[in-house]
Amino acid sequence: MTLFIDAGNTRIKWRLKPEGRPALEGVGVLTDPQLFQAFDAQSVNRIAISTVISEDARKKLHQQLYRALGVEPVFHWTQSSQCGVTCAYDRPETMGADRWHALIGAWKQAKRALLVVDAGSALTVDILDGQGMHRGGYILPGHRLMRESLESNTARVRFGKALSQDPSPGKSTDACVRNGLSWLLQALSMQLDALRRALGIDVDAVFLTGGDAPGLMQLGLEGCLRPQLVLEGLEAVDAEVTGV
């Protein structure tokens with residue numbers, strides 16, 4: 001059976017596909033040396049990976065998987081065209097594999113004009129037209145990176161880490177920062193909705209993924225929450241490559 005892995009900057013999501021049985025899924029962290037020990041090494045015969053981690057971290061992940069399961073993992077990267085989707089980049093290999101696989105996962109579901117919003121460490125937005133042509137996108141710092149920027153570049157601004165759902169003006173430093181970040185994310189949600197309307201994209205063709213996606217929805221962003229969107233696209237890519 002195949003083990004599919006979405007290795008992000010902070011977390012790893014995995015999906016195990018036994019033949020003829022429902023998929024098994026889970027989440028872990030790269031620093032956990034026991035992450036893959038629970039898998040049956042005799043059952044896993046293929047490993048497919050989508051990742052945006054550094055080359056050093058990728059090599060460590062490769063070694064960790066091979067030691068645990070005895071299988072050489074296959075890393076899938078962005079292509080000029082794949083699974084009915086065409087990349088807008090002149091150099092497709094420079095586009096993050098997670099964005100590419102999320103687009104393919106969304107296209108597999110919708111087969112029409114759509115938006116993908118991935119709210120992780122970075123917040124990315126990608127546009128696909130009704131012919132599967134990628135029309136470009138945006139990359140912004142996510143909630144955690146914005147918060148960490150304030151923490152590391154200010155001496156006396158201290159605040160909690162939880163994402164606030166209150167965009168009203170704060171009356172303490174903690175509230176000013178946390179509500180301010182919510183205010184910014186709420187404005188982003190409004191801008192995304194305006195973009196969706198301008199492009200004529202239906203609400204149910206807005207795909208939301210990433211750890212902060214539920215928070216964006218609570219702040220008003222409409223769309224379909226798909227936590228495993230990258231894995232869904234990765235699975236489609238691997239099937240096309242292997243012919244399965």
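Start by selecting Ala119, Gly120, Leu123, Gly142, His143, Leu185, Asp212 and Leu216: together they line the largest cavity. A cavity here is a set of points on a 1 Å grid over the protein atoms alone where a 1.4 Å probe fits but cannot get out, and lining residues have an atom within 4 Å of a point.

A word on ground rules: this is a predicted model, in which local features need pLDDT of at least 70 and side-chain atom pairs count only at pLDDT 80 or more, while totals for chains, interfaces and linings use all residues. Residues are numbered from 1 along each chain as its sequence is written, and side-chain values use heavy atoms, with hydrogens and water left out.

Back at the cavity, the volume is about 30 Å³, taken as the space filled by probe spheres set on grid points that are joined across faces, edges and corners. One cavity of 30 Å³ or more is counted. Colour its lining by class and you get four nonpolar, three polar and one charged residues. The classes are simple: Ala, Val, Leu, Ile, Met, Phe, Trp, Tyr, Cys and Pro are nonpolar, Asp, Glu, Lys and Arg are charged, and the others, Gly among them, are polar.

Next, show the largest pocket, which holds about 560 Å³ of space. A pocket is an open set of points with protein on both sides within 12 Å along at least five of seven lines. Of its 29 lining residues, select Asn9, Thr10, Asp118, Gly120 and Ser121, which lie nearest the centre. Which element gives the most to this lining? Helix H3 does, with four residues; H3 spans 143–153, and strands S1 (2–7), S4 (46–51), S8 (114–119) and S9 (122–128) are among the other elements supplying at least two residues each. Helices (H or I, at least four residues) and strands (E, at least two) are DSSP runs, numbered from the N terminus. By class, the pocket lining divides into eight nonpolar, twelve polar and nine charged residues.

Now pick Asp98, in helix H2 (residues 97–110). An unreviewed UniProt entry annotates Asp98 as "active site"; UniProt positions follow the numbering used here, feature names are shortened, and annotations may be inferred rather than shown by experiment. Asp98 is buried, at 19% relative accessible area, where buried means under 20%, exposed over 50% and partly exposed in between (1.4 Å probe, protein chains only). Setting aside neighbours within four places in sequence, Asp98 is in contact (heavy atoms within 4.5 Å) with Ser50, Val52, Asp118 and Val230.

Move to Thr51 in strand S4, which is buried at 3%. Draw a distance to Phe75, 24 residues apart along the chain: the C-alpha atoms are separated by 7.7 Å. With neighbours within four places left out, the contacts of Thr51 are Ala7, Arg58, Phe75, Trp77 and Ala97.

Two backbone stops remain. Most residues other than glycine have a negative phi. Lys111, in the loop between H2 and S8, has a positive phi near 50 degrees and is exposed at 52%. Cys83, in the loop between strand S6 (81–82) and strand S7 (85–86), also has a positive phi, near 55 degrees.

Finally, how many disulfides are counted? The count is zero, with a disulfide being a pair of cysteine sulfur atoms within 2.5 Å. For Cys83, the nearest cysteine sulfur, that of Cys87, is 13 Å away.
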